[in-house]
Amino acid sequence: MLIKKPENIRPSEITSRDNYLNRRNFVNMTAMAGTSLALGSGCSEAGNEAKVQTSIAPKSYPGMDVNSYEDITSYNNFYEFGLDKSDPAKYSKNFNPQPWSVTIDGEAEITGTFDYEDIIGPHTIEERIYRFRCVEAWSMVVPWNGIPMGDLLKRFKPTSKAKYVAFETVYRPSEMPGQKAGVLDFPYIEGLTIEEAMHPLTLMVTGLYGTDLPNQNGAPLRLMVPWKYGFKSIKSIVRISFTEKQPRTSWSDTAPSEYGFYANVNPEVNHPRWSQARERRIGAGLFGEKVPTLMFNGYAEEVASLYSGLDLRRYY
Amino acid sequence: MTIRQKEILLKASVFIAASLPLALLLSQVFEVGSMRLGPNPVEDIQDATGIWGIRLLAVTLSITPLSWVTGPLIIRVRRMLGLFAFTYCSLHFLNYLLLDQTLNLAEIFEDILERPFITIGFAALLTMLPLAITSTNNWRRKLGRRWNTLHKLMYLICILGCWHFYWQVKKDLTEPLIYCAIIGLLLTARIIRKRSQNAKAAARKIATETTDSRSTSEC
């Protein structure tokens with residue numbers, strides 16, 4: 001079905017704060033019940049009839065306590081807008097996520113530049129409540145909206161040479177003040193093996209909490225690979241390339257001894273400077289104890305088979 | 001204004017200024033008015049106490065060079081500033097111990113032993129301890145000249161503090177490098193002054209010796 005996206009309407013303009021909070025409870029309840037639902041208030045007010053499918057909560061993770069919209073949108077690592085966690089929310093207001101287009105190139109039968117509508121249109125937007133684990137040893141639980149990346153990628157008919165998928169963030173220094181600072185080599189680049197990209201858990205995210213993706217969270221399109229450290233889930237994607245060789249990635253380019261290509265969440269392989277054994281849950285407050293980090297961020301049952309035979313200590 | 005009044009005024013203003021960051025932090029912790037910590041409050045406390053710890057170390061270190069220009073009165077606030085630096089650094093450590101690691105001793109020992117930036121931070125705090133203890137007038141009298149030697153450890157503490165900051169940063173080294181530069185400058189200033197003083201002293205010695213030898217030869 002075609003999903004009409006409200007253009008240039010910010011979630012805050014169409015939904016009251018109360019509705020956000022109600023929606024949160026709503027999402028919480030449905031997540032627990034595991035039933036499918038059609039989104040109410042906020043989206044229909046804007047004429048958006050997005051159908052949301054069953055939430056997928058990983059079975060292996062106990063006590064999925066979804067973070068508040070406020071936490072998710074005010075505590076971000078998005079160096080394109082600054083280095084502090086509060087910078088992306090502060091400095092992303094002038095960023096224009098619409099109109100948007102994505103270039104598909106490399107080892108695929110169908111390539112070219114496609115509008116946002118063409119990319120997302122043919123798919124049904126789903127809600128997925130995923131754990132999010134940052135390499136800095138903090139974590140959140142986020143109700144994303146998006147489409148399975150595999151379904152999207154298959155439409156472009158990758159060839160047998162397509163062993164990897166590379167992603168690139170938009171480069172717009174005029175709207176992204178952090179890109180002028182040159183802390184990383186911009187544009188930000190990331191990559192996955194084709195198997196990882198096609199895995200049913202891998203998502204092309206279009207929103208969160210049933211609203212459009214806020215700029216600070218990577219509007220309008222971002223990747224979400226819930227079993228990998230957060231920096232793999234590249235934001236504001238403008239290019240997807242099917243490649244034969246393993247693509248370079250921003251963080252492993254800058255600090256290869258600290259950040260690898262795979263970056264799977266792994267409590268047994270520490271960051272050279274800090275432990276990855278436990279994580280701080282955002283939203284747990286001043287007295288919240290750190291909780292143990294789970295192998296593959298709790299998605300081992302679903303994804304461990306992708307890495308059978310791979311030395312995870314070497315390929316971190 | 002008498003010297004005594006000036007001293008009291010100076011001490012009171014420095015006390016208030018150095019307490020402000022703590023007051024602000026406490027207002028955020030106890031949510032006074034609209035003041036709040038962010039979504040990761042433990043990290044906020046860790047960052048605020050850490051940055052003010054290193055700032056106050058740098059300020060303390062700047063007092064002696066400043067006194068060469070302003071005169072000796074400001075030396076009177078040096079001890080207070082040093083103790084404030086120690087307070088912020090201790091809170092930094094206590095926050096790590098109690099709120100961050102929730103007294104998980106296994107993790108704490110592993111951190112201190114295996115993570116160089118934590119090892120160095122811990123070493124800096126341990127080094128501050130004897131200085132804080134011997135900061136009283138009593139101790140100063142008791143230790144005499146040795147007190148001065150002991151308190152030269154401040155230079156080491158500042159270097160360790162910078163190192164700890166530098167190693168902890170994920171990517172952007174600008175801020176730690178600024179503190180490294182400031183502290184480096186303050187230490188270099190001392191070395192230069194010491195050298196020129198030594199040179200002067202040597203010159204004086206030569207001068208007196210020549211006069212001595214001259215006077216002997218005249219005899």
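1. Salt bridges first: the count over all chains comes to 20, where a salt bridge is a side-chain nitrogen of Lys or Arg within 4 Å of a carboxyl oxygen of Asp or Glu. Keep in mind that this is a predicted model, so local features need pLDDT of at least 70 and side-chain atom pairs count only at pLDDT 80 or more, while totals for chains, interfaces and linings use all residues. Bookkeeping: residues are numbered from 1 along each chain as its sequence is written, chains are lettered from A and ligands numbered from 1 in the order in which they are written, and side-chain values use heavy atoms, with hydrogens and water left out.

2. In chain A, Glu136(A) and Lys85(A) pair up through their side chains at 2.9 Å, N to O. Glu136(A) sits in the loop between β5 (126-133) and β6 (138-148), and Lys85(A) in the loop between α4 (69-74) and α5 (87-91), so this bridge ties together parts 51 residues apart in sequence. Helices here are DSSP runs (H or I, at least four residues), as are strands (E, at least two), numbered from the N terminus. Lys85(A) is buried at 14% relative accessible area; the cut-offs are under 20% for buried, over 50% for exposed and partly exposed in between (1.4 Å probe, protein chains only).

3. Another chain A pair is Asp105(A) with Arg239(A), whose closest N and O atoms are 2.5 Å apart. Asp105(A) belongs to strand β3 (residues 101-106) and Arg239(A) to strand β12 (residues 237-243), so parts 134 residues apart in sequence get tied together. Asp105(A) is partly exposed at 22%, and Arg239(A) also counts as partly exposed, at 30%.

4. Worth a look at the chain contact: Glu107(B) and Arg278(A) form a salt bridge at 3.5 Å, N to O. Glu107(B) is in helix α4 of chain B and Arg278(A) in strand β13 (residues 278-281) of chain A, so the pair joins two chains. Glu107(B) is buried, with a relative accessible area of 13%, and Arg278(A) counts as buried at 10%.

5. Over in chain B, a network of salt bridges links Arg4(B), Glu7(B), Lys11(B) and Arg76(B). Lys11(B) turns up again in the helix packing, being one of the α1(B) residues that meet α3(B).

6. On that packing: α1 (residues 3-29) of chain B and α3(B) have axes 10 Å apart at an angle of about 10°. Axes are lines fitted to C-alpha atoms, for helices over the stretch in contact, and angles run from 0 to 180 degrees between N-to-C directions.

7. The axes of α1(B) and α2 (residues 41-70) of chain B come within 11 Å and cross at roughly 180°. That makes the pair roughly antiparallel. Ala18(B), Pro21(B), Leu25(B) and Val29(B) of α1(B) meet α2(B) residues including Trp52(B) and Leu56(B).

8. Last, the surface of chain B: Leu94(B), Leu98(B), Leu103(B), Leu105(B), Phe109(B) and Leu113(B) form a nonpolar patch with about 630 Å² of accessible area together. The elements giving two or more residues are α3 (78-100) and α4 (105-114) of chain B, and α4(B) gives the most, with three. Leu113(B), in helix α4, is exposed at 69%. Patches take residues with over 30% relative accessible area and no salt bridge, joining like charges within 9 Å and nonpolar side chains (Val, Leu, Ile, Met, Phe, Trp, Tyr) within 5 Å. Accessible areas come from the Shrake-Rupley method with a 1.4 Å probe, and for residues only the protein chains shown count as cover.

Definitions and conventions. Contact means heavy atoms within 4.5 Å. Angles under 35 degrees count as roughly parallel, over 145 as roughly antiparallel, 65 to 115 as roughly perpendicular and the rest as oblique.
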